[in-house]
Amino acid sequence: MSDSKDLGAESGSGNWIVSYARLIIRLRWLVIFASLAAALGFASGGQFLGFSTDYRVFFSDENPQLKAFEAMQQVYTKDDNILFVLQPKEGEVFTEEMLVAVQELTEASWQLPFSRRVDSITNFQHSYAEGDDLTVEDLVPEGDGLTAERIAAIRDVALAEPLLINRLISPDARTTGVNVTLTLPGESESEVPEAIAAAREIIDEFSARHPEVIVATTGLVALNNAFSEASFVDLSTLIPIMYGIIIAGLLIFLRSIAGTVVTVLVIGLSAGTAMGLTGWLGINLTPPSSTAPTIILTLAVADSIHLLVTFLHNMRQGADKREAIIESLRVNFHPIFLTSLTTAIGFVSLNFSDAPPFRDLGNITAMGVIAAWIYSITFLPAFLAVVPVRVKKQVEARSDMMAKLAEFVLRRRQPLFYGMTALVIGLALWIPRIELNDQFVNYFDPSIQFRADTDFAMENLSGIYQIEFSLPAAAEGGISEPEYLEKVDTFSEWLREQPGVVHVQTITDIFRRLNKNMHGDDPDWYRLPDERDLAAQYLLLFEMSLPYGLDLNNQINVDKSSMRFLATLENMTTREARVLKQNSEAWIAENIPASVTEATSPFVMFAYISERNIKSMLTGTGLALVLISLSLIVALRSLKIGLLSIIPNVIPAVMAFGFWGLLVGEIGLASSVVAATSLGIIVDDSVHFLSKYLRARREKGASPEDAVRYAFATVGRALSVTSAVLVAGFAVLALSAFELNQSLGLLTALAIFAALVADFLLLPPLLLAIDKEKKYADAPKAVPQAGE
């Protein structure tokens, strides 16, 4: 007999669920309007949603690399920049037309919002001796006739100047740059878009006048803007794709227009509620957290599908709509609550992340999961009670495909157990092969203009990655001490010889040039001054000759007791960057102990973020696993089964990372959160399978083998459908232009697929191995059917 025909016989928790279901049906219109009103009220907070345009959002206030970077900026100047990279389509930079064009762009760049300094080869402050005087002027003076001889002289100076070569002029003289330093007040999220919009307007006007010049735009401000643009691209493309997949999948699997419509409404209400609450809470979106709507759409489907599959199955077996709704809620209420709870726990554990955007992603998604659960047990049954639902009645109660799979698993239990164990161990061996690499430029797909322009800059001009040092001297004015200058100069030479270093900017190169200038430009005097007073006088004379905006405040502090030292790097891995940082700090500690400092820069910050995040997430994932396991033990009312569930819940993550190590071998920040996010999701399959297994054992008195058959028959198809939708949903993130979202989506999709495989092929053999009792005490002997 179907359970839908025998509801009155249920006792315990089933009674109150049945009463609840009847109440929902009786108050269906009130429930529908209340759900819509609540969702509308929550969703209205969307008007307050904002997008963060600062790469610093990836770092918590406690992050030591961020603290070191901010300390550096407090001592010197805050140097956010936009770098224009220019390359003539033919020939080299040193032509009259090209130098005039660089002058024009240099002059126009001063008009950028928040612009504080503009550096280029044309306004480089070239110093030389003129009799007994020191002359400091633009390398390419304005309004001066650029004869062939003058251009040749300019070329010789530029290509021999350490401060320019591999920084603002390429060694082959084919590419040059105009670097604009901006000081953003940090008072509004519109500052970065405003600066970039102005920069693009300048470039459009420049390109219209000089179509023969290729222009690329990069720098930290462009990086900040790329983060927000990537978010908008994802929101405008991924969500429509996800909705399309969901609608198509539901129509195919459910074969019910009403079921499809109510599912789409539930996920829409859930996503709207979560994003509205995000706005009310004042959380700004970032590329990782902007994927929350897509993830919520994916997760919200699972609750609806389990309810609808049972509902439609009962109707096809002859139950009327009211009975089918009540039975679906009775059978699925506890499993859906438990899966929603475990999924929320997994995402809430992201609060242990060292990267705030992933904390936001976890909290937003957790709100969406809870909202989806509430709407699925209120709005969904109420909506079904109102709309007409037409299904074709079926006599066959069991899914042939699931029945065949169940028999295959029962027949091959031992080979499957050993085979799956060998597969998991084999994949686990590939995990150590994975290398952490978090180059922020590679966060963006080449389709993003910032990535394309930055790649062009690194290939043709200089590196975009940098590492900075602040080297304190012994006292005020100490940077003029010959001994200090010698040590700093020795460090610069050592650093230039390190693999991956393409340029070193140090004020010792200015001291060398000034010393030569003050000795009649005699090349033999191109060396550091050997007297402190002399060095201080040279520096003072040079600074007094500099025009407004081109001072040395970005390289020396106010009382001249410390020097800023900057190395530009090629496109190296973050592991190589960490090695360079550690070796540099060790060299300084050994050779300039008074100047012991911590190297920093945005690149250094990103180089350590994965490592820090993995360490912090170990705690979060471990706690999530404990809480989820305790929840399962309590909900399933079995210590043995609850502990057993840990195995199929951990194995999918191992398999996913193993596949990633085998096929890719490199991963970034996303890896540190996948274990926590996927843990909460992959538990869903095992919860539903185990709940049906235990229901057959306890309520039907079925043998372990028959309980496995019952679980496959009742929930196998729903698990296949939900897993397919979940895999498709997270795989959609692979279309993101933001690499972190791509990795997060693909890894989670792998883990979800692995979870389905583990729950179908490994969990049943494990159950049969530990559950030897023929039946539970006091359980009636019956052979369960698929519809029960």
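**Exercise 1. Sort the residues that line the largest cavity into nonpolar, polar and charged.**

Solution. The lining divides into 14 nonpolar, 13 polar and 8 charged residues. Here Ala, Val, Leu, Ile, Met, Phe, Trp, Tyr, Cys and Pro count as nonpolar, Asp, Glu, Lys and Arg as charged, and the others, Gly among them, as polar.

A word on the model before we go on: it is predicted, local features need pLDDT of at least 70, side-chain atom pairs count only at pLDDT 80 or more, and totals for chains, interfaces and linings use all residues. Residues are numbered from 1 along each chain as its sequence is written, and side-chain values use heavy atoms, with hydrogens and water left out.

**Exercise 2. Find the volume of the largest cavity and the residues closest to its centre.**

Solution. Start with the term: on a 1 Å grid over the protein atoms alone, a cavity is a set of points where a 1.4 Å probe fits but cannot get out, and lining residues have an atom within 4 Å of a point. Grid points are joined across faces, edges and corners, and the volume is the space filled by probe spheres set on the points. The largest cavity comes to about 640 Å³. Its lining holds 35 residues, and Asn-81, Arg-167, Asn-179, Gln-466 and Leu-566 are the closest to the centre.

Next, look at the elements, where helices (H or I, at least four residues) and strands (E, at least two) are DSSP runs numbered from the N terminus. Strand S10 gives the largest share of this lining, 4 residues.

**Exercise 3. Describe the salt bridge between Glu-229 and Arg-200.**

Solution. A salt bridge is a side-chain nitrogen of Lys or Arg within 4 Å of a carboxyl oxygen of Asp or Glu. For Glu-229 and Arg-200, the N to O distance is 3.0 Å. Glu-229 belongs to helix H7 and Arg-200 to helix H6 (residues 191-209), so this pair ties together parts that are 29 residues apart in sequence.

Now check accessibility: buried means under 20% relative accessible area, exposed over 50%, and partly exposed in between (1.4 Å probe, protein chains only). Glu-229, at 29%, is partly exposed, and Arg-200, at 41%, is partly exposed as well.

Terms used
On a 1 Å grid over the protein atoms alone, a cavity is a set of points where a 1.4 Å probe fits but cannot get out, and a pocket is an open set with protein on both sides within 12 Å along at least five of seven lines; lining residues have an atom within 4 Å of a point.
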